[in-house]
Amino acid sequence: MSHAALIAAELHVRPDQVSRTLELSAEGSTVPFIARYRKEATGNLDEVQIQAILDRAAELKELDERRAAIVKSIDEQGKMSPELARAIANAKTRTELEDLYLPYRPKRRTRATIARERGLEPLALLIWGDRREGHVGDFVDPAKEVPDAAAALAGARDICAERVAEDADLRKYARMAATRQGVLESKVLSDKKETKSKFEMYYEHREPLAHAPSHRVLAIFRGEAEDLLNVRLRFPDEEIVAGLKARIRQPTRMPEEREKAIEDGWKRLLSISLEGELRAELKQKADAQAIEVFGQNLRNLLLAPPAGNRRVLALDPGLRTGIKVAMMDATGKLLETTTLYTERSAGERASAEKALQKLIAAHAPDLIAVGNGTGSREAEAFVRAAGTNGLPIVSVSEQGASVYSASEVAREEFPELDLSLRSAVSIGRRLQDPLGELVKLDPKSIGVGQYQHDVNQMLLRKKLGETVDWCVNLVGVDANTASPQLLEHVSGIGPVLAKRIVEHRNASGAFPSRHALLDVRGLGARAFEQCAGFMRIRGAHPLDDSAVHPERYPIVERMAADLGVPLQQLVGDDKLADRIDWKRYVGGDVGEPTLRDILAELKKPGRDPRGSFEPPRFREELKTIADVREGMVLEGVVTNVTAFGAFVDIGVHQDGLVHISQLSKKFVRDANEVVKVGDRVTAKVTSVDVERKRIGLSMKEV
């Protein structure tokens, strides 16, 4: 079966959809471009399906490369047989391949190796049942360190035990049984029994291997890494050994010796090998689930509704060090900064109030953004007391702001500013445009993941990179205002071209049209094809500020001509767009999916898919966890969604947890089905533990 056919069967799509997707990717097309502008070619596959096809194709390519290396190795040993060649060719997974290769893999000197060196291979064949003639006494040879029959039998059993551990069919059976009936067990180390930690629930823990959820697996492995837990996989030894014996059916003159060898092969070799293998597999699956959760959370955070082009006064709270203040205009340009000391003396507080009032009078902000870290409620109270003329005060997540303030990006943007003032700028800008500001950060520092530092970092970077790219291209980018960090995520651009775009913009002024992007050094026809549809330019051509790709401008111009109206009049007019019969324009590589996208864009050109901004509302009297009481019904903002529930900011510097069982009156399998990062929710406080800084919440009791 070809790769395209195999992938199609696995992903439930057609082989031609897979083939065309792989061809487009090989030609240099990106996932966002293929998903948006090549729908006819792929049969309208979405970006998730396209990425899955590309990922699986890469896995199969890697599998084929490993298959070729194994065939070469066995050929060089002169041990390839037609049966083995067929088995290797038909192997569908890396595990199957490695099981077949195991007997031929170069290995260190083992007990079985030593036994073979002593001439005991024929005796092992006799025990196994592959040989009918011979006696134990024939293999006694003191010169070869086989002094008696017992030593000869022991060495032969070592060879048989290794055969048990390396036989592909026996390994497959044992692996399936171990996976199906194995148990994940964790116990506290004997010298740590009195240690208080967040892993106490795993000090004496057992659960079926097949059903262990990702968050518990990662937590248990973290406890092991921190030298608190001893973690083991326990298998049904007696059942597996009985199954192994039953699968070796050829008659033998020495059944007791063979049974001993099988028992030894399982206990000493195969069970230990499978424990390591299944631990790695368990970790791999847990990583994949955690990374998927991180990706979903990041996507929701990046696509949070922006406050948009509003003037923002941003505050980075501090008690002893003062409140750092930054004023931004509607485009995010920094206008003024200052530090307000509100907690040291009454005189300084009064001076701070006057300074704040002066700032507000001078710049007329539309919103006040307050970072949600330590001192945020005190800062909000100060702002209200100082008099804000009813300006909305919005709590903004500080997660990652300090990372940004110390980054190379921040130093380039604001070389003269103190780190904490840079944080205030970041807080204000992420209110104006979360996507535009958060792309400047390493996604891991945003804090919407689950054990993100424990999972496979290469896969995490890949997933988060794909997520950021998808979000940026979904929203589109203003080519005349976007930062290099935002531009580099646009389809076909990358870091080098992003910097060149900004350099060209700074030297020559704003781009008057999309086609003017071709004047950027190094931005050729292929890069233009990939990026143009995602760039927004407010210029002479009305479609340059829409998601209609320049390659389709002639179609829209025909539509306008057929309606007898200027192109400018058609763009943005619902009634005119409704009069267009898209079927008249089908032809070549343009079909219904593209034409329906064009009509939707004509009705609402450049529409922001992120929705409208609505600030959260926290209760003013709640400042710390000590102010929270059971039974309170509070509004909050979802800050993180995990496999076991959702964390909610209720405005007291400590997020509350809505366990998955408390998200809804209905059974919830996946928390993402009910809530996502950024959602405004109402929840009831079910428990408060001030000492351990834990707040329990319920949404099903509201």
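## A buried arginine and its partner

Arg-38 is buried, with a relative accessible area of 13%. Buried means under 20% relative accessible area, exposed means over 50%, and partly exposed lies in between (1.4 Å probe, protein chains only). This is a predicted model, where local features need pLDDT of at least 70, side-chain atom pairs count only at pLDDT 80 or more, and totals for chains, interfaces and linings use all residues. Residues are numbered from 1 along each chain as its sequence is written, and side-chain values use heavy atoms, with hydrogens and water left out.

Which residue forms a salt bridge with Arg-38? The partner is Glu-529, with the closest N and O atoms 3.3 Å apart. A salt bridge here is a side-chain nitrogen of Lys or Arg within 4 Å of a carboxyl oxygen of Asp or Glu. Glu-529 lies in helix H24 (residues 525-531), and Arg-38 lies in the loop between helix H3 (31-37) and helix H4 (39-42), so the pair ties together parts that are 491 residues apart in sequence. Helices (H or I, at least four residues) and strands (E, at least two) are DSSP runs, numbered from the N terminus. Glu-529 counts as partly exposed, at 21% relative accessibility.

The structure holds 60 salt bridges. Side chains of opposite charge can pair when their charged atoms come close. One network of salt bridges links Arg-38, Arg-526, Glu-529, Glu-551, Arg-552 and Asp-589.

Glu-224 and Arg-279 also meet through their side chains, at 2.6 Å from N to O. This pair links distant parts of the chain: Glu-224 is in helix H12 (residues 214-225) and Arg-279 is in helix H14 (residues 255-302), 55 residues apart. Glu-224 is partly exposed at 23% relative accessible area. Arg-279 is partly exposed too, at 21%.

## An enclosed strand

Is strand S5 (residues 323-328) enclosed or open? Six of its six residues are buried, so S5 is largely enclosed by the rest of the structure. Both faces are covered. Ile-323, Val-325 and Met-327 are buried on one side, and Lys-324, Ala-326 and Met-328 on the other.

Strands of a sheet pair through backbone hydrogen bonds, either parallel or antiparallel. Two strands count as paired if DSSP finds at least two bridges between them. Strand S4 (residues 312-316) runs antiparallel to S5 over five bridges. Leu-313 stands opposite Met-327 in S5. The two strands form a hairpin with six residues between them, and Gly-322 in the turn has a positive phi of about 90°. On to the next partner. S5 also pairs with strand S6 (residues 334-340), antiparallel over six bridges. Here Lys-324 stands opposite Thr-339 in S6. S5 and S6 form a hairpin with five residues between them, and Gly-332 in the turn has a positive phi of about 95°.

## A crossing of two helices

Helix H25 (residues 553-563) and helix H28 (residues 592-603) have axes that come within 11 Å and cross at roughly 65°. Axes are lines fitted to C-alpha atoms, for helices over the stretch in contact, and angles run from 0 to 180 degrees between N-to-C directions. Ile-555, Val-556 and Met-559 in H25 meet Leu-595, Ile-598, Leu-599 and Leu-602 in H28. Contact means heavy atoms within 4.5 Å.
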